[in-house]
Amino acid sequence: MTTTRRAAPGRALRRAPLYAAATLTVTVCLFPVYWMVTTAFTPSRDLQSYEPGLIPAEWTLDHFRTAVRADGFALFWRNSALVTLGAVLLALVVALGAAYAVARLRWRGRRAFMLAVFIAQMAPWESLVIPVYIISRDTNMLDRLPTLTLVYFMITLPFTVVVLRGFIAGIPPELEEAAQVDGCTRVQAFRRIAFPLLAPGLMATSLFGFITAWNEFTYANFLIIKQQDSRTLPVWLSSFQTTFGTDWGATMAASTLFALPALIVFLALQRHVTSGLTAGGVKG
């Protein structure tokens, strides 16, 4: 008992540098977000102060009213939601079939296929901007939200295939084989046995795809040129101005509202993402 009590303070002392480094990292990463949110609630007369405070002396919702009432906010928010959800759902459906084929079936070219997926995952998205633009222009697909949905689907698909393949491979095939012995087809065995165990993988890939598509700016800026009503929220936010120029309070309020959906999705899914990673294990 005494030895354990003496060892605990020593262990905590050895971990103190790690705790300090973690605290510093979190502070540095979160401070810009904190400054954005507090600026959104700070009255306009205090934003240009020579001595800005970390905590606003007064709080206001005027900037949020200005952002919500700005031309196009609701329309561009809807565009972002449609493009993001469409890309995520499409990537999940296609990647689920591809991941199952790679993890469960034996066919010629399976390793070459996964190598191609890894290469596509490693390729920087920015390097494909010009080819995608040329293809969209030549096929008369510029200034259309379905084009942007397909591009985001292309971006998120490799990661989704890799992650879901790992989760499916982690589920013992004996579970599906037992269901097939009991009379289930391969599709029924997957739907009844494997699919419920894939919840953590589906949550993880959905979260990644949503955040990636929701925050993406480059392709939305290059592919939506003439049809301004087809812009997404990040593009609108980059050019958000009022009659008197840049309204920093309203800009920070719009940025806060833009970040809320991704934060809500993360908070809703993070528990499922970090749990159940060994749900497919065999006991005994």
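## Cysteines

Cys184 counts as buried because its relative accessibility is 17%, where buried means under 20% relative accessible area, exposed over 50% and partly exposed in between, computed with a 1.4 Å probe on protein chains only. Cys29, at 53% relative accessibility, counts as exposed. A disulfide is a covalent bond between the sulfur atoms of two cysteines. The test applied here is a pair of cysteine sulfur atoms within 2.5 Å, and by this rule the count comes to 0 disulfides.

## Basis of the model

The model is predicted: local features need pLDDT of at least 70, side-chain atom pairs count only at pLDDT 80 or more, and totals for chains, interfaces and linings use all residues. Residues are numbered from 1 along each chain as its sequence is written, and side-chain values use heavy atoms, with hydrogens and water left out.

## Overall fold

The protein has 13 helices and 0 strands. These terms refer to DSSP runs numbered from the N terminus, a helix being H or I over at least four residues and a strand being E over at least two. Of the 284 residues, 38% count as buried.

Contact means heavy atoms within 4.5 Å. Among contacts between residues at least 6 apart in sequence, 74% join residues at least 24 apart.

## Nonpolar cores

A nonpolar core is a set of buried Ala, Val, Leu, Ile, Met, Phe, Trp, Tyr and Cys residues joined through side-chain atoms within 4.5 Å. The largest one has 45 residues, and the members that touch the most others are Val161, Ile168, Leu198, Trp214, Leu233 and Trp236. Helix α4, residues 73–104, gives the most to this core, with 13 residues. A second, separate core of 16 residues includes Leu142, Tyr219, Ala220 and Val235.

Which residues does Trp236 touch, not counting residues up to four places away in sequence? They are Ala67, Ala70, Asp71, Phe73, Phe76, Arg231 and Ala254.

## The cavity

Rolling a probe the size of a water molecule over the atoms shows where empty space is left. On a 1 Å grid over the protein atoms alone, a cavity is a set of points where a 1.4 Å probe fits but cannot get out, and lining residues have an atom within 4 Å of a point. Grid points are joined across faces, edges and corners, and a volume is the space filled by probe spheres set on the points. The structure holds 1 cavity of 30 Å³ or more, and about 30 Å³ of space lies in the largest cavity.

Its lining consists of Ser80, Val83, Thr84, Tyr152, Ala213, Trp214, Glu216, Thr232 and Pro234. The elements that give two or more residues to this lining are α4 and α10 (199–215), and the largest share, 3 residues, comes from α4. By type, the lining residues divide into 5 nonpolar, 3 polar and 1 charged; Ala, Val, Leu, Ile, Met, Phe, Trp, Tyr, Cys and Pro count as nonpolar, Asp, Glu, Lys and Arg as charged, and the others, Gly among them, as polar.

## Individual residues

Asn140 lies in the loop between α6 (129–138) and α7 (145–169). Although Asn140 is not a glycine, it has a positive phi of about 60°. Asp143 belongs to the loop between α6 and α7, and has a positive phi of about 60° although it is not a glycine. Is each of these residues buried or exposed? Asn140 counts as exposed because its relative accessibility is 55%, whereas Asp143 is buried, with a relative accessible area of 13%.

Thr256 is found in helix α13, residues 248–273. At 10% relative accessibility, Thr256 counts as buried. Apart from neighbours within four places in sequence, Thr256 is in contact with Met36, Val37, Ala40 and Phe64.

Terms used. 1 Å grid on protein atoms, 1.4 Å probe; cavity = no way out; pocket = protein on both sides within 12 Å on 5 of 7 lines; lining within 4 Å.
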